Amino acid sequence: MNSQPFIQVVEVTKRYPRAERPAVNGVSLSLRPGETLALLGPNGAGKTTTVKMVAGLVLPTSGAIHVLGHDMVRARTRGVRHIGAVLEGARNLYWRLSALENLRYFGSLRLVPRRELSNRIEEMLALFELEEHKHQEVRQFSRGMQQKLAIAAALLHDPEILLLDEPTLGLDVQAARRLEATIAQLAQEKGKAILLTSHMMPLA
């Protein structure tokens with residue numbers, strides 16, 4: 001296994017103005033290819049803030065974050081190219097578009113070459129067992145299917161790193177277990193470095 005970390009977080013703190021205490025206080029972690037790391041804790045523990053800092057969406061107050069060697073404060077644009085993210089509460093999909101239309105749209109946003117995009121879409125639909133539903137509007141999907149499609153969209157540009165914020169939240173037990181198996185497969189077979197958050201010990 002490659003010993004060079006894909007993600008390095010060193011003594012990162014985030015303080016919001018007028019907050020009594022920091023949202024994140026002195027967090028350090030590293031993540032290498034093929035590894036999955038779960039940030040476990042209750043709501044309000046700073047898990048989502050940590051993931052957003054790794055994704056370059058929130059700037060740390062102090063400390064350092066590097067993604068494949070790129071400083072996520074000074075060279076954010078270079079770092080985010082290597083990241084796919086599914087954030088809880090974010091607009092990860094458009095409900096009135098079909099699964100196929102969503103994947104085409106997000107693949108274009110990620111600048112996947114047109115000749116490659118069709119193949120990547122078919123690969124993702126197969127990986128997440130969504131081929132039979134690709135022409136169906138996302139608003140008709142179950143919560144589990146929506147979550148799988150959101151992860152598929154995040155993987156279209158074949159990023160080395162996948163960030164998942166509460167990926168099984170709202171899923172029934174069977175759907176959660178299927179998604180957990182897929183996450184493990186992405187790490188073990190595809191070599192992705194996966195950072196996820198959860199307040200559930202079984203998932204972690």
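Which element gives the most to the lining of the largest pocket? In this predicted model, the answer is strand E6, with four residues.

I'll stay with that pocket for a moment. Its space comes to about 490 Å³. There are 19 residues in the lining, and the closest to the centre are Ile83, Gly84, Ala85, Asn92 and Arg110. By class, the lining has 13 nonpolar residues, three polar and three charged.

Now H3. Its buried residues are Ala99, Leu100, Asn102, Leu103, Phe106 and Gly107. Looking down the helix axis, these buried residues fall within an arc of 160°, so they line one face of H3. The general point is that an α-helix has 3.6 residues a turn, so residues three or four places apart point the same way. The cover over the buried residues of H3 includes H5 and helix H4, 114–127. Just after H3, Leu111 has a positive phi of about 60°.

Last, Leu162, which sits in strand E7, residues 161–165. Is Leu162 buried or exposed? Leu162 counts as buried, because its relative accessibility is 0%, and the cut-off for buried is under 20%. Leaving out residues up to four places away in sequence, Leu162 touches Gly84, Ile151, Ala154, Leu155, Leu186, Ala193, Ile194 and Leu195. As for Ala38, 124 residues from Leu162 along the chain, the two C-alpha atoms are 12 Å apart.

Notes: Residues numbered from 1 in each chain as written. Predicted model: local features only at pLDDT ≥ 70, side-chain atom pairs only at ≥ 80, totals over all residues. Heavy atoms only, no water. 1 Å grid on protein atoms, 1.4 Å probe; cavity = no way out; pocket = protein on both sides within 12 Å on 5 of 7 lines; lining within 4 Å. Points joined across faces, edges and corners; volume = space filled by probe spheres on them. Helix = DSSP H or I, 4+ residues; strand = E, 2+ residues; numbered from the N terminus. Nonpolar A, V, L, I, M, F, W, Y, C, P; charged D, E, K, R; others polar. Buried < 20%, exposed > 50% of the residue type's maximum accessible area, 1.4 Å probe, protein only. Contact = heavy atoms within 4.5 Å. Arc of directions from axis to C-beta.
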